[in-house]
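I wanted to look up the charged pairs and what surrounds them. My entries follow the structure.

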Amino acid sequence: MLCVVLSLSSLASGQKVALKTNLVGDALLNPNIGAEFGVAPKWTIDVPVSFNAWNLSHDRKWKHWFVQPGVRYWFCDRMAGHFVGMHLHGGKYNIGGWDGHVKFLNTDFRRLKDSRFQGWFAGAGISYGYSWILGKHWNLEGEIGIGWAYTRYDRFECAGCGRKVESRRVHNYVGPTKAAINVVYLF
C-alpha cells in the first residue's frame, strides 16, 4: 500500500492524499499505517491497516491483522475540521492469556484469561472525528467509532495449549470499533 501511495503522491495536489499512523495502535504495539484519498470536495476514502505478530511473555497471545476502509464526509474542507464516517472492517485474530476483568455489551473479556480464541471477523460502523491543522503538511486527527462485528472462531483450552475445545463458534460484537489519534502527513 505504501508503494501505491508514494506513486500517487507525484500526482497529488492540495489535500488529495495523506499518509497516517494511529498513535493509540502504536502505543498498544500494533504497527499500523493508513492512507486517505480525496475523491470530492467534501469526501475522502480512508484505508487503515494494522498487523500484530508479537510473541508476548507469560504465555499471552495477541496476534492479528485487520483492514478498516471507510468513507468520510467533511463538514468544511476535506482533511480539516469535523467529519463523520462509515467504515467496514475485517481481519483475523489469535488472542488469549489476558486477564480481561470486563464483561461489556454481551462480550465477556474475562474468558481470555483461561482460553485462546482464533478466528476471523467482519463488520461495519460509524464514526465521528476532528482534524487539527498543525502545519502545511501535518495534521493531528482524533476519531471514535461504534459498530458491529460478526466473528467466527475456534476456542482452545489455554493460551499456550493446542487442544481445541470449541469449533466454528459465532459471536456478534456491538460496541466501540474505532479509537484513533492519528498523526497525518498531507501530500
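I checked glutamate 166 and found 17% relative accessibility, so this residue counts as buried (buried is under 20% relative accessible area, exposed over 50%, partly exposed in between; 1.4 Å probe, protein chains only). The model is predicted, so I kept local features at pLDDT of at least 70 and side-chain atom pairs at pLDDT 80 or more, while totals for chains, interfaces and linings use all residues. Residues are numbered from 1 along each chain as its sequence is written, and side-chain values use heavy atoms, without hydrogens and water.

Next I looked up salt bridges (a side-chain nitrogen of Lys or Arg within 4 Å of a carboxyl oxygen of Asp or Glu). The whole structure has 13. Glutamate 166 pairs with arginine 155 at 2.6 Å, N to O. Glutamate 166 is in strand S11 (residues 164-186) and arginine 155 in strand S10 (residues 138-156), so the pair ties together parts eleven residues apart in sequence (strands are DSSP runs of E, at least two residues, numbered from the N terminus).

Which residue does arginine 72 bridge to? I found aspartate 46, with the closest N and O atoms 3.4 Å apart. Aspartate 46 lies in strand S3 and arginine 72 in strand S5, so this pair joins parts 26 residues apart in sequence. Both residues are buried.

Aspartate 46 also meets lysine 20, at 3.3 Å, N to O. Lysine 20 is buried, with a relative accessible area of 6%.

I then traced a salt-bridge network that links Lys20, Glu36, Asp46, Arg72, Glu141, Glu143 and Lys178.

Definitions and conventions. Helix = DSSP H or I, 4+ residues; strand = E, 2+ residues; numbered from the N terminus.
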